[in-house]
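Subject: the structure for you to look at

Hi,

Here is the structure I promised to pass on. Have a look at it first, then read my notes below with the model open next to you.

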Amino acid sequence: MIRMEICLCSFISLLAFLHVVTAVKKQTWPVPYRRYDRRPDADAYCQALYPFCPTGDRQGHIPFMRDDDVISVYRLQTPVWEFKYGDLLGNLHIMHDAVGFSSAQTSANYTMEWYELFQLGNCTFPHLRPDMHAPFWCNQGAACFYHGIDDAHWSDNGTLEKVAQISGHQFNEMAKWVQDDNATGIYYETWTVLSDPSPDASVWFESYDCSRFVQRTYRTLARLGAKLSSRTQTNYTKVYLYSGEPAYLGNDSAIFGQPALKNLAADIRDFYRTFRAHQSMAELALSVMEAFKEVVLDKNFYFYYNFEYWRLPMKSPYVRITYQEVPLP
């Protein structure tokens with residue numbers, strides 16, 4: 001009788017174990033970029049050195065084109081911060097991408113781009129506010145549509161090339177897609193995270209930046225029937241981190257609201273303190289050494305994606321900027 005009870009208990013325990021194992025969802029890679037029902041208002045704490053979309057419509061409206069209009073589509077690319085540093089960052093292949101449009105009926109030109117509301121640094125690393133335990137992120141990105149194409153800005157050190165011709169109807173359908181894409185994809189992500197630099201590397205996380213928006217726009221135009229072509233190679237900037245399989249840690253409330261995880265919370269804050277803004281030259285020199293120790297020697301990187309934290313077990317070559325071709329669809 002005792003033996004039967006032991007067997008029964010063992011059988012029940014085995015069923016419970018199998019239930020738990022099968023209930024655990026296997027992590028899929030890359031982690032999908034999370035979309036949201038609506039775009040939240042930006043926090044007043046977040047401030048931009050250069051205002052976002054200063055000449056664009058504040059509500060994000062895109063003009064309606066007549067269905068029989070003929071719209072030229074332009075590929076636009078220029079070095080990041082070209083307006084301030086010229087071709088300096090272009091020499092490092094750190095480029096910004098956009099799309100231009102020109103109406104045959106009205107002769108009006110337009111530029112459309114997607115970028116950070118509060119500059120790249122704020123989207124890549126958080127602020128450590130004394131009044132908040134969790135790191136504070138100013139990482140929203142959004143589409144900006146405005147009148148005109150600044151020919152010199154795009155062509156002097158970059159690219160201004162006609163890649164397609166579409167109808168006004170196709171343009172209007174694309175505009176609907178842009179509005180939806182912009183309302184649901186709300187935050188900027190600098191990094192692409194791979195297992196290694198090889199062509200068959202595992203992709204852990206994808207970036208979400210200006211070039212990805214331009215590529216999605218081209219794919220949408222192709223889906224609507226546009227024929228796209230370029231006389232030059234269509235390269236884009238990507239910033240990579242290399243790591244072993246990432247370990248999920250949790251969101252803000254799970255990490256910074258639990259006393260049991262106070263050591264992890266402190267480690268994350270210490271990690272990001274190394275990358276804080278507005279450091280003196282002496283502080284910056286020390287931070288570079290600390291970052292090298294953390295990322296290269298200790299092989300650790302705390303990564304923020306979908307408003308959740310992951311630990312990356314870093315691998316050589318650790319960080320790399322590339323300028324790679326992505327053909328037009």
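Five strands make an open sheet, in the order β4-β3-β2-β1-β5, and their pairing is antiparallel. Strands and helices here are DSSP runs numbered from the N terminus: a strand is E over at least two residues, a helix is H or I over at least four. Two strands count as paired if DSSP finds at least two bridges between them. The edges of the sheet are β4 (141–147) and β5 (159–167), each of which pairs on one side only. On average, neighbouring strands in this sheet are turned by 20° against each other, direction ignored. For such angles, axes are lines fitted to C-alpha atoms (for helices, over the stretch in contact), and the angle between N-to-C directions runs from 0 to 180 degrees.

Before you go further, note that this is a predicted model: local features need pLDDT of at least 70, side-chain atom pairs count only at pLDDT 80 or more, and totals for chains, interfaces and linings use all residues. Residues are numbered from 1 along each chain as its sequence is written, and side-chain values use heavy atoms, with hydrogens and water left out.

Back to the sheet. Strand β1 (residues 70–79) and β5 run antiparallel and are joined by eight bridges. Helix α5 (residues 168–184) touches β1, β2 (95–103), β3 (109–116), β4 and β5, and its direction makes about 110° with that of β5. Helix α6 (residues 210–223) also touches β1, β2, β3, β4 and β5, with its direction at about 35° to that of β2. Contact means heavy atoms within 4.5 Å.

A bit more on α5. From first C-alpha to last, its 17 residues reach 25 Å, close to the 24 Å expected at 1.5 Å a residue (the expected span is 1.5 Å times one less than the number of residues). Its buried residues include F171, M174, W177 and V178, and the buried residues of α5 pack against β1, β2, β3, β4, β5 and α6. Buried means under 20% relative accessible area, exposed over 50% and partly exposed in between, using a 1.4 Å probe and protein chains only.

Now the cores. A nonpolar core is a set of buried Ala, Val, Leu, Ile, Met, Phe, Trp, Tyr and Cys residues joined through side-chain atoms within 4.5 Å. The largest one has 64 residues, and F101, F301 and F303 touch the most other members. Leaving out residues up to four places away in sequence, F301 touches F125, W191, L241, F271, V295, W310, R311, L312 and M314. Another core lies apart from it, with 16 residues, among them F52, C53, Y74 and Y146.

How many of the six residues of strand β10 (residues 300–305) are buried? Six of the six are. N300, Y302 and Y304 point one way from β10, while F301, F303 and Y305 point the other way. In a regular strand the side chains alternate between the two faces of the sheet. β10 pairs with strand β11 (residues 308–325) over six bridges in the antiparallel sense, and F303 stands opposite W310 in β11. Two residues lie between the strands of this hairpin, where N306 has a positive phi near 55°.

- W29 and P30 are joined by a cis peptide bond, with omega about -5°; P30 is in the loop between α1 (2–23) and β1.
- S316 to P317 is a cis peptide bond too, with omega near 10°, and P317 is in strand β11.
- S107, in the loop between β2 and β3, has a positive phi near 65° and is exposed at 56% relative accessibility.
- Y318, in strand β11, has a positive phi near 70° but is buried, at 14% relative accessible area.

Last, confidence. pLDDT is the predictor's confidence in each residue, from 0 to 100. The mean for the protein chain is 91, and 92% of its residues reach 70 or more. Over residues 1–24, though, pLDDT is below 50, and this stretch has zero contacts in the model beyond near neighbours in sequence. Where pLDDT is low, the predicted coordinates should not be read in detail.

Cheers
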